[in-house]
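User: I have a structure to go through and would like to ask some questions about it.

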Amino acid sequence: MKLNKKGGVGAEEILEFIPYIVLTVAVMAGIFLLINLFINITVDPKPLQREVLFNRLIYSPNSIMYMDQVTGRVYPGIIALDNFTNETLDKSITYSYERQIAAKLELYDQKKELVKTAYLNGVWYTRLEPLAQSRIKGEGSADIFTRTIPILYRKNSVNLPGYIKTMILIPN
Amino acid sequence: MYLFNKKAKTMLANLFYVMFGLILAAFFVIAVFLRVESALGDSTFHKRFYARDLALLVDSMHASNGYFVMEYDVNTPDNMPLDINLEPDHVFLTDRDDKPVESRAKTLFRIGFNEYVSVNKSNITVTPSSFKIIFENNSIRFD
């Protein structure tokens, strides 16, 4: 069979099918891409990591929260101002690889004036914050998550109302 | 003498198109099956998932007080046995092998530890089942 000669299968008829062929290939490639999209073998723990860290800050004994030294009871939501330091935070949460997670905690009073700031893994926080704030992508950068909640802070055995702003930074 | 008239030519072109479509469909089905099979047969996802999940679970237990036991279910395919290891600063998973654990490829995730809670080294050999995560006297272990 010859394509272009009379009596053969005409090129004209085959040319008519080119749009259909292109469409068929496009549809199948599209379905394949969709299937690939739904086959998810990546695990992104960042949202969970920041929740765990936030809850550790709020509920952990021997951290920034006020703890009854006799009973060992922790009072979540009441910050002991004396414990609100970089040292306490670094002692309560340590990673064997420093570029794992970092956080900045800002304590505000009721008038939203800054009372005190503390860092967890402050070195890496200050290194990565500019990249994260400018939303630079890539392995060298990080994602930053901010959350502000109302709390009490304990100063000279008196509970005062205030807010805590946590900025949790997770390297990519 | 014409071998094919106009109708025959159109039918033949149709036939080519159908044949092309069938061949393409066959390639498509094969490609999809291979892709799905490679995704399901690879233990990377399971190792990543369980390493992260267990490490973050142990991490969150550092905010706890008291004594409690958790039953942790592991659902992996029968042909994908994994070993789960707890270290003081991380959790790592490996494919089960005759080689010593140290020489296997590890998938690990780090734990935020401190001096108030001790994390005891544990090794769990999993055959699709469950194991216990025990928090007792400020120490965590897998059992």
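Analyst: A polar contact is a pair of N or O atoms within 3.5 Å; within protein, one must be able to donate a hydrogen and the other to accept it, and residues adjacent in sequence count only if both atoms are side-chain atoms. This is a predicted model, where local features need pLDDT of at least 70, side-chain atom pairs count only at pLDDT 80 or more, and totals for chains, interfaces and linings use all residues. Residues are numbered from 1 along each chain as its sequence is written, chains are lettered from A and ligands numbered from 1 in the order in which they are written, and side-chain values use heavy atoms, with hydrogens and water left out.

User: How many residue pairs are in polar contact between chain B and chain A?

Analyst: Both residues of a pair must be at pLDDT 80 or more. The count between chain B and chain A is 10.

User: Which element gives the most residues to the side of chain B that touches chain A?

Analyst: Helices (H or I, at least four residues) and strands (E, at least two) are DSSP runs, numbered from the N terminus. Those giving two or more residues to this side are helix H1 (6–41), H2 and strand S4 (107–110) of chain B. With 18 residues, the one that gives the most is H1(B).

User: Which residue of chain A forms a salt bridge with Glu115(B)?

Analyst: A salt bridge is a side-chain nitrogen of Lys or Arg within 4 Å of a carboxyl oxygen of Asp or Glu. The rule finds two across the interface of chain B and chain A. In the one with Glu115(B), the closest N and O atoms are 3.7 Å apart, and the partner is Lys91(A).
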